[in-house]
Amino acid sequence: MLVREPKYRRLLSSNQTRLLYILFKFRFGTSDLIAELVKKDRSTVYESLRTLEKQGYIHKFHDSSYRLRGRPAVYTLAAKGIKYLRDTGKVDQTTLRNFYKNKRIAVENEPLVDQCLLVFRIFNVLKAQTGETFSIYTKYELDKEHFVSPPPELWLQRKGKSQKPDYILDLFPAGTMTWLLRKRLRQHQEFAEEYEYLYPNLLLVAGNPNTEKRLFRQVESAIQDFEFYITQQEMLLVGEKKIWIDLMESDEDELVRINLN
């Protein structure tokens, strides 16, 4: 039987389009994280994601192994969603092309998926704490020419006319080798030397207390034109505010923690 193709396709609603942009921003997401971000009921967000999945704009990953581990379903852009955003011309085209790998990554590279979800969680916490003080961007939204390579996970850009520096955030998982910590800090210092503007202060998030301590040792005597603030991942995710080590007031035996401002 001959099936006639419709002469036009219904455009996505503003809410549906927003969900696609959110999945571009974080690469991978869950219904809970998205609901927290958009401040809507989880069931409402779930139904919207389900519709986009049925229409082929996004992929959903939730097999039996996910259920056995209590792991939530993960969503990411599908080829149709990538094309939709590409046609808007509002996002970086190179980044979008890399997103065609999303389906394979979701199956083969669970640690990368987990890191994206962790950044999403951190974003939600920082947004809740800082309100409208900053516009917060992920590495997928950044102009790579204006940031150290590889780019930081988040850029907290101050709104308004404040003369205070912005922040950029790096993650250091538990067990990161000390030479890798040193290398990353050196990359920031070298990039800052050629930077035309006020270099952002660095937020360094350590995966555990040991990594935090090693980061502190690396930066306590560093000389540069920007400041370091260090904390532990779990402290940040709990949502407490006084978690960032103040290097000027701290030593290894007594860490003084302050708010982000």
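Helices here are DSSP runs of at least four residues, numbered from the N terminus. With that in hand, I looked up Lys-39 in this predicted model and found Lys-39 in the loop between H2 and helix H3 (42-54).

Entry: I checked phi at Lys-39: it is positive, about 60°, although the residue is not a glycine. Most residues other than glycine have a negative phi, and most peptide bonds are trans. Lys-39 is exposed because its relative accessible area is 72%, and the cut-off for exposed is over 50%.

I then went to Arg-27, where phi is also positive, about 75°, again without a glycine. Arg-27 sits in the loop between helix H1 (14-26) and helix H2 (31-38). Is Arg-27 buried or exposed? Arg-27 counts as buried, since its relative accessibility is 7%.

My next stop was the peptide bond between Ser-149 and Pro-150, which is cis with omega about -5°. Pro-150 belongs to the loop between strand S3 (134-138) and strand S4 (154-158).

**Entry: Arg-257.** I placed Arg-257 in strand S9 (residues 257-258). Which side chain does the Arg-257 side chain meet in a polar contact? I found that of Glu-212, at 3.0 Å. A polar atom of the Arg-257 side chain also lies 2.8 Å from the backbone oxygen of Ile-243. Among the other residues that Arg-257 touches, I noted Ile-230, Met-235 and Trp-244.

**Entry: a surface patch.** I looked at Met-177, Trp-179 and Leu-180, which form a nonpolar patch on the surface with about 320 Å² of accessible area together. Met-177 is in the loop between strand S5 (167-172) and helix H9 (178-193), and Met-177 counts as partly exposed at 49% relative accessibility.

Technical notes: Residues are numbered from 1 along each chain as its sequence is written. This is a predicted model: local features need pLDDT of at least 70, side-chain atom pairs count only at pLDDT 80 or more; totals for chains, interfaces and linings use all residues. Side-chain values use heavy atoms; hydrogens and water are left out. Helices (H or I, at least four residues) and strands (E, at least two) are DSSP runs, numbered from the N terminus. A polar contact is a pair of N or O atoms within 3.5 Å; within protein, one must be able to donate a hydrogen and the other to accept it, and residues adjacent in sequence count only if both atoms are side-chain atoms. Contact means heavy atoms within 4.5 Å. Patches are made of residues with over 30% relative accessible area and no salt bridge: like charges are joined within 9 Å, nonpolar side chains (Val, Leu, Ile, Met, Phe, Trp, Tyr) within 5 Å. Accessible areas come from the Shrake-Rupley method with a 1.4 Å probe; for residues, only the protein chains shown count as cover. A salt bridge is a side-chain nitrogen of Lys or Arg within 4 Å of a carboxyl oxygen of Asp or Glu. Buried means under 20% relative accessible area, exposed over 50%, partly exposed in between (1.4 Å probe, protein chains only). Lists of a residue's contacts leave out its neighbours within four places in sequence.
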